[in-house]
Amino acid sequence: MHMEIGPLKQSQIETIELMARNEETLASLYNIYAKKFPEHEFFWSDLSKDETSHANWIRLFLEKFKQGEITYNKNRFKKEAIKTFTEYLEKNIGKAKSGEINIIGALSIALDIEKALIEKDFFEIMEKDSESMQQTFASLESATKIHRDKVASLIDSLKNSS
């Protein structure tokens with residue numbers, strides 16, 4: 001049986017997809033940093049893999065949402081806000097590719113990004129109406145906080161060693 005998707009639900013689906021693409025764009029940025037800063041390649045590649053996995057989690061939410069298993073948090077993001085965030089990431093990808101950045105600059109950008117994701121409760125796009133959703137959100141938030149702490153720690157160690 002094929003269910004008709006109304007305009008509101010279609011818009012919500014598009015918003016969730018934008019969030020997944022945002023995570024993939026962030027993974028791309030971190031991948032470029034891995035190539036640009038080979039002495040820290042593992043660090044950046046590790047962050048990049050995590051972001052790809054976050055995108056996969058968001059797509060899993062999307063499938064559950066389409067099937068009516070979970071509900072959308074109506075008080076969350078507008079598409080424009082997510083698009084603006086993705087454009088910011090793309091701008092930084094451009095800077096990294098053109099060589100306009102050093103390791104401290106790259107880490108500072110990463111720190112700002114990870115902090116913004118935490119402060120804006122970026123992953124709470126779905127209602128936490130099940131225990132599994134609550135656990136998934138907690139895992140995403142925890143992973144993002146770990147990223148923030150790893151980035152901050154590397155900034156500190158690089159500043160202290162120079």
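This is a predicted model: local features need pLDDT of at least 70, side-chain atom pairs count only at pLDDT 80 or more; totals for chains, interfaces and linings use all residues.

Trainee: Great! Which residues touch the most other members of the largest nonpolar core?

Mentor: Those are Leu29, Tyr30, Tyr33, Trp44, Leu107, Ile113 and Val151, in a core of 27 residues. Two or more residues come from each of helix 1, helix 2, helix 3, helix 4 and helix 5. Helix 4 gives the largest share, nine residues.

Trainee: What does isoleucine 113 contact, leaving aside its neighbours within four places in sequence?

Mentor: Isoleucine 113 is in contact with Leu26, Leu29, Tyr30, Phe85, Tyr88 and Leu89.

Trainee: And threonine 25, is that buried or exposed?

Mentor: Threonine 25 is buried, because its relative accessibility is 12% and the cut-off for buried is under 20%. Threonine 25 sits in helix 1.

Trainee: New topic: how many salt bridges are there?

Mentor: The count is seven. In one of them, glutamate 17 pairs with arginine 59, with the closest N and O atoms 2.5 Å apart. That pair joins helix 1 to helix 2, across 42 residues of the chain.

Trainee: Which glutamate meets arginine 59 at 2.4 Å, N to O?

Mentor: That is glutamate 24, which lies in helix 1, 35 residues from arginine 59.

Trainee: What about lysine 66 and glutamate 63, how are they placed in helix 2?

Mentor: Lysine 66 and glutamate 63 are about one helical turn apart, because three residues separate their positions in helix 2. Their side chains form a salt bridge at 3.6 Å, N to O.

Methods:
Residues are numbered from 1 along each chain as its sequence is written. Side-chain values use heavy atoms; hydrogens and water are left out. Helices (H or I, at least four residues) and strands (E, at least two) are DSSP runs, numbered from the N terminus. Buried means under 20% relative accessible area, exposed over 50%, partly exposed in between (1.4 Å probe, protein chains only). A nonpolar core is a set of buried Ala, Val, Leu, Ile, Met, Phe, Trp, Tyr and Cys residues joined through side-chain atoms within 4.5 Å. Contact means heavy atoms within 4.5 Å. A salt bridge is a side-chain nitrogen of Lys or Arg within 4 Å of a carboxyl oxygen of Asp or Glu.
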